Amino acid sequence: MTTPMTGITQRSTLIIAGLLGLLGVAAGAFGAHGLEARISVEQLEWWQTAARYQQIHALALLAVGWGAGAWSPWRGRAALCFCVGVVVFAGTLYAMALGGPRILGAVTPVGGLALITGWALIVVHAVQARPGDRPARASSE
């Protein structure tokens, strides 16, 4: 089932979760083994923060995709917020760590706000769920 306005399906949520998780682990390993001697301690901290938040929210996205109950617009919106949040939050930190302009740090909180909104939408989904909603299987859409 596709969520109106987002176009996100349960299946695409699971695929994106897997990709974000895979790339988050790779980014963490690259930071620890490939960047450590090449960038400053501050830049390495930015990189590690980005990789950590990406991995945490890949797992959150996985939970949204596999969660109990029927697929709902709230779950789709939460998935979208997690995707946007990871791209903006982690993306700006990765870019700054690799020498991008520090002004990107002003955009980073926008990604954080999207991540926070994703968590809030999970709460809304849980509150809106009706007793007896059956868990949905991952659709092939």
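This is a predicted model: local features need pLDDT of at least 70, side-chain atom pairs count only at pLDDT 80 or more; totals for chains, interfaces and linings use all residues.
**View 1. The salt bridge between Arg102 and Glu42.** The side chains of Arg102 and Glu42 meet with a nitrogen-to-oxygen distance of 3.2 Å. Arg102 belongs to the loop between H3 and helix H4 (108–128), whereas Glu42 belongs to helix H2, so the pair ties together parts that are 60 residues apart in sequence. With a relative accessibility of 56%, Arg102 counts as exposed, while Glu42, at 36%, counts as partly exposed.

**View 2. The chain as a whole, as a setting for the other views.** The protein chain contains four helices and zero strands, and reading along the sequence gives the pattern α-α-α-α. Of its 141 residues, 41% count as buried.

**View 3. The largest nonpolar core.** In soluble globular proteins, nonpolar side chains tend to be buried together. The largest nonpolar core in this model has 27 residues, and the members that touch the most other members are Trp47, Leu61, Phe82, Leu93 and Tyr94. Helix H1 (10–35), helix H2 (41–66) and helix H3 (73–97) each supply at least two residues of this core, and the largest share, 10 residues, comes from H3. Leu61 can be followed in detail: leaving out residues up to four places away in sequence, Leu61 touches Thr13, Ile16, Ala17, Leu20, Ala79, Phe82 and Cys83.

**View 4. Gln54, a buried residue of helix H2.** Gln54 is found in helix H2 and has a relative accessible area of 5%, which is under the 20% limit, so Gln54 counts as buried. A polar atom of the Gln54 side chain lies 2.9 Å from the backbone oxygen of Leu20. Not counting residues up to four places away in sequence, Gln54 touches Leu20, Leu23, Gly24, Val86, Ala90 and Tyr94.

**View 5. His57 and its contact with Trp119.** His57 also lies in helix H2, and with a relative accessible area of 5% this residue is buried. The side chain of His57 makes a polar contact with the side chain of Trp119, at a distance of 3.0 Å. When neighbours within four places in sequence are set aside, His57 is in contact with Phe82, Val86, Leu115 and Trp119. His57 and Gly24 are 33 residues apart in sequence, and their C-alpha atoms are 9.7 Å apart in space.

View 6. Ile15, Leu19, Leu22 and Leu23 together make a nonpolar surface patch of about 390 Å². One of these residues, Leu19, has its place in helix H1 and, at 48% relative accessibility, counts as partly exposed. Another member of the patch, Leu23, is also among the residues touched by Gln54.

Technical notes
Residues are numbered from 1 along each chain as its sequence is written. Side-chain values use heavy atoms; hydrogens and water are left out. A nonpolar core is a set of buried Ala, Val, Leu, Ile, Met, Phe, Trp, Tyr and Cys residues joined through side-chain atoms within 4.5 Å. Buried means under 20% relative accessible area, exposed over 50%, partly exposed in between (1.4 Å probe, protein chains only). Contact means heavy atoms within 4.5 Å. A salt bridge is a side-chain nitrogen of Lys or Arg within 4 Å of a carboxyl oxygen of Asp or Glu. A polar contact is a pair of N or O atoms within 3.5 Å; within protein, one must be able to donate a hydrogen and the other to accept it, and residues adjacent in sequence count only if both atoms are side-chain atoms. Patches are made of residues with over 30% relative accessible area and no salt bridge: like charges are joined within 9 Å, nonpolar side chains (Val, Leu, Ile, Met, Phe, Trp, Tyr) within 5 Å. Accessible areas come from the Shrake-Rupley method with a 1.4 Å probe; for residues, only the protein chains shown count as cover.
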